[in-house]
Amino acid sequence: MTRTDVFDEHADIIGNSPSIRQDADETPFSERESAISVRNVCIDYRSLKAGSVKQNFFSLKKVQREVFRAVNNVSFEVPEGQILGITGKNGSGKSTMLRAIAGIFSADTGEIDLHGHSISLLSIGVGFDKELSGRENILLSGLLLGFDKAEIGEKMSEIIAFADIGNFIDMPVRTYSSGMYSKLAFSITAILETEIMLIDEVLSVGDQKFRKKSYNKMKELISKRDRTVVIVSHSMSTLEDLCDQIMWMHDGEIVMLDKPEVVLPVYMDFMK
Amino acid sequence: MKRFWRDLKSHYKYSIQSAKSSLKSEIANSYLNWIWWVLEPFCFMLIYAFIFGVVFDAKEPNFPLFIFVGLTLWDFFNRCIVQSVKIMRNNKAIVTKVYLPKFILLVTKMIFNGYKMLFSWVVILIMIVYFRVQLTWRVIYLIPEMALLFLFTFALMTHLLHYGVFLQDLENVTSIILRMAYFMTGIFFNIEKRLPPQYVPLLMKCNPMAIVITGVRKCLLYGESPNMTWIIIWMVISLIIAILGVRQIYRNENSYVKVI
């Protein structure tokens, strides 16, 4: 029996069980290969304000642009199979970091190496075309994540069943409530499995029932030994329960990077 | 350039699927669905045919067909150009969540509008039969002409995508320029006959849309050869503009997501 099976059997009582992975990892993380390497990464937001034609014509002299450094010289490694939690106050560069890892924009300096792993980013309001039906959006998202049509076709019914939004699956996404939207988004990323999953504050979507279901699904997914997960969250219980390592970011820099039991008490103290 | 082909290869399926879905949703949302794609240019053709054929007494042979060919090609070009200005903003939900080579969005739009244009071509074929136009071997000139249309449109779109991100009022500027180009392309009149002769060579050399549309009419309706020299010259120019545009998009794609 695999670990996943064991987990499935107890799926309904999960939530009060501590980290399910504790006994499973024979090799310590330090000896495993890296899945994500982040080296000396800085990410700037130049205040490249979208201007008008007029402004561009008349401001011939170079305007000094303000630079806001969202991520400042950050380096860390995530070994294969690790679950890294990132926390920190709002605006500390967590989501920016996640987006850079996902490749949506690249780092201004330094480098991010995924060692050839496939990756998906799950965040509130995943990219849907609002005019299209849920079903079509599943197909398109799948193609964008690098799956081919046949694979998506196989998983389609599973995704639809998991999302559990009834007949809305064939309605345009613009008619969805925000809960349905997030449920569908979560289902796509959860069922179409990539090697690295980046999760941005979505474990609290949907109603009570879906929240529990998605939380359990998360646990099931990350219980697979070769899956690497990065979670951004403010929820102490999520971080404590799911993560092997916690990275605390503040103003674009890493304050601490260590085991949850080490970081979380200090962080809680700081936030008071 | 290698990267361009690699990205195109890995994403063309997405492009096609995305264009298909958009077409489907457009159909689903209207009562007469795909008939609109034919009906719209057809009605405009009737209006122009009346105004210019009856009121202003135009003397082109097969005048309705003459207009309809012009409208079909122009509509494709016009739609692509207008839509590319806001393309990053309109696809914000997608580009901020997953990496996508940005020019793929342009390819998607071209497939979308190209498919609509196909419907107009069906009408053109029907009209050719109806007006008993004699087709000649010169119809093969359609191939380089259409190639130029696609290449030139794509070339302009790459630059509009880039500047459209940073300049919010670019849309107003393009609509003025497009309107001007519309009248200088000769959709409902023959520029070679109607304009003062001193302007004709200039327009027929500097306006690729006029070259394409006049060329298509010549080889399709009147069995004449188009001016291949300028078609080839503009293909080369378009290719260069497109390469510069794609490179510019690659260089700047980092900042797009941060600005929108």
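Predicted model: local features only at pLDDT ≥ 70, side-chain atom pairs only at ≥ 80, totals over all residues.
Chain A has 272 residues, and 39% of them count as buried. Its secondary structure comes to nine helices and nine strands.

**A sheet in chain A**

- Three strands of chain A make an open sheet in the order S2-S1-S4, and the pairing is antiparallel.
- At the edges sit S2, covering 67-79, and S4, covering 109-113, each of which pairs on one side only.
- On average, neighbouring strands in this sheet are turned by 20° against each other, with direction ignored.
- Strand S1 of chain A spans residues 34-46, and four bridges tie S1 to S4(A), the two running antiparallel.

**Where chain B meets chain A**

- The contact involves 25 residues from chain B and 26 from chain A.
- On the chain B side, the elements giving two or more residues are helices H1 (2-28), H5 (92-95), H7 (142-166), H8 (170-185) and H12 (228-259).
- The top contributor on that side is H1(B), with six residues.
- Sorted by class, the side of chain B that touches chain A has 13 nonpolar residues, eight polar ones and four charged ones.

**A look at B:Ile124**

- Where does B:Ile124 sit in chain B? You'll find B:Ile124 in helix H6, which covers residues 103-130.
- Why is B:Ile124 classed as partly exposed? There are 19 other C-beta atoms within 10 Å of B:Ile124, and a residue needs 20 or more to be called buried, so B:Ile124 lands in the partly exposed class.
- Which residues does B:Ile124 touch, leaving aside those up to four places away in sequence? They are B:Phe68, B:Val69 and B:Thr72.
- B:Phe42 is also worth a glance: B:Phe42 and B:Ile124 are 82 residues apart in sequence, while their C-alpha atoms are 9.9 Å apart in space.

Technical notes. Residues numbered from 1 in each chain as written. Chains lettered and ligands numbered in written order. Pairing = 2+ DSSP bridges. Axes fitted to C-alpha atoms, helices over the stretch in contact; angles between N-to-C directions. Buried ≥ 20, exposed ≤ 12 C-beta atoms within 10 Å, placed from the backbone. Contact = placed C-beta atoms within 7 Å. Nonpolar A, V, L, I, M, F, W, Y, C, P; charged D, E, K, R; others polar.
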